[in-house]
Amino acid sequence: MRRFHDQPIRSKLMIAIVGTSGLAVFLASAAVMGYQWVNARNAMLRDLAASMQIIAANSTAALSFHDAAAAEQTLSALRAKPDIALACIYAQSADSQAGAFASYHKPGHAAPCPPRPPADYLSLTQSRLRRTLPITIGPEVIGKLYIERSLDDFLYSLARYLAVLLLALLGSIAMAFGMSTLLQRFIARPIMSLAYTASRVSESKDYSIRAPKSNDDEVGWLVDSFNDMLAQVDSRDRALEQARAELEARVDETARANSELQRTLERLRQTQEQLVQTEKMASLGGLVAGIAHEINTPIGIGVTAASTLRAKTDALNREYEANSLTHSGLKRYVDLANQSTDIILSNLNRASELIQSFKQVAVDQSSSERRRFAVKPYLSEILLSLRPKLKKTRLRVEVHCDDRLEINSYPGALAQILTNLVMNSVIHAYDPDQSGTLSISVEPLGDRIRLRYSDDGKGMPPEHVGRVFDPFFTTKRGAGGSGLGMHIVFNLVTQQLGGTVTLHSELGKGTTVEIVMPAGEENQHEQPRYATEGRR
Amino acid sequence: VKSQTDKTQTGCLPPGASWRRRVPAALAGLALLLSQPGLAQSDDLESRVKAAFLFNFTKFVDWPPESFASASAPLDICVLAGDPLAGALDEAVRGKSVNSHPLNVRHIQGSAEARNCKLLYLGDSGQARDLLIALRGQSVLTVGDTPEFTRAGGMIRFLLVDGKVRFEVNRSAAEQARLTLSSKLLSVAHAVTDGSGG
């Protein structure tokens, strides 16, 4: 059987009403029954006592004068009381064997009088009430009256009473049953309808359904609250749906913006690459200009010497045609020719040397070949290519490096890094005509080398230090800065050389860039990776 | 009737201890009776029953209150000296009292002593008639054995019915003596007569 808690309300209601009324009627019945029982019993006892008193009083004379017939005559009055089964009068004599003095039997009742009156004053056993009453005259006891009364009538009337009560109980339960059925229409049915609506809502997820309201009681309020709640859920649902749609639209928009951004980024990257390339070309162009400028001097001297020699040779030839060539004139010419050819030769040699040295730097700068090279001579060659720029300034360059130090790395990258650093110092760190010292020191650091570049220029404010490696960050955009120099330095160091770069700078205290990179001696096998990445 | 009775009572004072002289004779008679077994047995039982009845009569009879000197004055039951019932009567009433009147048995010789009796048992005495006449108007319950006792003005007469002691009552005699007989007593009486008697 299910627990009471889990019973449907209909059953609970039924149990409550039927149980309550049944219990009430039962308790009332039990109380009335008990009261009736006590009452009837007392009435019966009183009645019996009265009868016995009368008989006892009426039989005093018979007892006194040994008139058994008279006593029996008196007792025979009990015929009017059909419940008295047996009545016996005993004389108060010493003779215990005497037996009853007079007796009365209800017709059909055969039980004899007990030989002696029972000692009990009153006994109520099974279906017999037994009672003994002394017969007295004044204070003197002259005999005893003993009566056995059948309780059949008493029990019968009680049983009848009980039957009536049971009938009333059944009737009231039936009434309660009917009432509860009727009440369900007003209590259980609205609740069940509400429950049905609730389950329909939760099944269909349709929050526009409303529970019907039948009465304006607590259940009615419940229905109202439920409907209110549904309305709130409904409106919230709609708001949520709207918000979701909005969000979706926004997500789409974002996705579109994102892809646009992606495309823009791609374009930017391409542009950046182009710019880097352009910058490389520009520095190459600067290099070429420097080379041309350097070579221009010996070539110009050679041209002057060659044209002087030509003019002297023409003059010698005219003198020879005119037979005016003198011995001394020839001698002067030969001296001049010797001098000129010496000048031409030495200047051409000088130009050849220059071209030879520049060729290597130019090749390195435009390629990303890895090779083994001595650091100090290569630094000198790079600085040589920067001479045209440095010549216009009052800057001095110091190089501290072991002559024998060799590394296996990318000389082009190193050249470009150093060029950019020097050019940055020239452009940003010093005012025109300000003197200063650029210092480059290289030292081995286990299987790595450390290159420290420093100037003693103006330095940078902290907010610039943090952004100095960002692409397109420049303080001189209008003055020809591309903002890519240090970015290129960062990329070359971290990607091509596989090292790290740090920059320390304070206003008025110059700038120091420290590059730590593998010396490359043990890392030959890693070359292809650098080679492929170096293209960028 | 009342004033007459009072006069009679005051006129006949009991003669003191005259009955005491009769006691030895009564005892001798009793002894004589007891010495004859068969007869004595039956007579003895009858005597005891009659003695008990005499005692019981006092319970069912109301004397006029003024006939007692006080509320606790003794109630005298008188028997003729020498009557065979005397012994049984002594035994039956010894130490008893009725309505707070202690019972007292007196053995009397004649009517002179009978005036103060409340109950007088005359037995089958020949002088019954004289005594009844002498006590007329007195509140004395008279009991006797002779068949004509009630007709002669006696109030209660013993008789044997089927071997049992019964009694008949002369109600008018009792009424004349201003005695109230209980209806209960009348209900157990063998017969109730209203004869006025001699």
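In this predicted model, chain B and chain A bury about 1100 Å² between them, with 64% of that area on carbon and sulfur atoms. Of the area that chain B buries against chain A, 41% is supplied by K59(B), K184(B) and V188(B), more than by any other three residues. The contact draws on twelve residues from chain B and twelve residues from chain A.

Polar and charged groups also take part, for there are two salt bridges between chain B and chain A, and five residue pairs are in polar contact, both residues being at pLDDT 80 or more. On the side of chain B that touches chain A, the elements giving two or more residues are α3 (37-60), β8 (164-170) and α8 (183-188) of chain B, and α3(B) gives the most, with seven residues. The residues of this side divide into eight nonpolar, one polar and three charged. In one salt bridge, the side chain of K59(B) meets that of E140(A) at 3.0 Å, N to O.

Within chain A, five strands form an open antiparallel sheet in the order β2-β1-β5-β4-β3, whose edge strands, β2 (102-105) and β3 (122-125), each pair on one side only. Neighbouring strands of this sheet are turned by 10° against each other on average, direction ignored. Strands β4 (residues 128-137) and β5 (residues 140-150) of chain A pair in the antiparallel sense over ten bridges, and R131(A) has I147(A) in β5(A) as its bridge partner.

Notes. Residues are numbered from 1 along each chain as its sequence is written. Chains are lettered from A and ligands numbered from 1 in the order in which they are written. This is a predicted model: local features need pLDDT of at least 70, side-chain atom pairs count only at pLDDT 80 or more; totals for chains, interfaces and linings use all residues. Side-chain values use heavy atoms; hydrogens and water are left out. Contact means heavy atoms within 4.5 Å. Buried area is the accessible area (1.4 Å probe) that two parts lose on being put together, summed over both. A salt bridge is a side-chain nitrogen of Lys or Arg within 4 Å of a carboxyl oxygen of Asp or Glu. A polar contact is a pair of N or O atoms within 3.5 Å; within protein, one must be able to donate a hydrogen and the other to accept it, and residues adjacent in sequence count only if both atoms are side-chain atoms. Helices (H or I, at least four residues) and strands (E, at least two) are DSSP runs, numbered from the N terminus. Ala, Val, Leu, Ile, Met, Phe, Trp, Tyr, Cys and Pro count as nonpolar, Asp, Glu, Lys and Arg as charged, and the others, Gly among them, as polar. Two strands pair if DSSP finds at least two bridges between them. Axes are lines fitted to C-alpha atoms, for helices over the stretch in contact, and angles run from 0 to 180 degrees between N-to-C directions.
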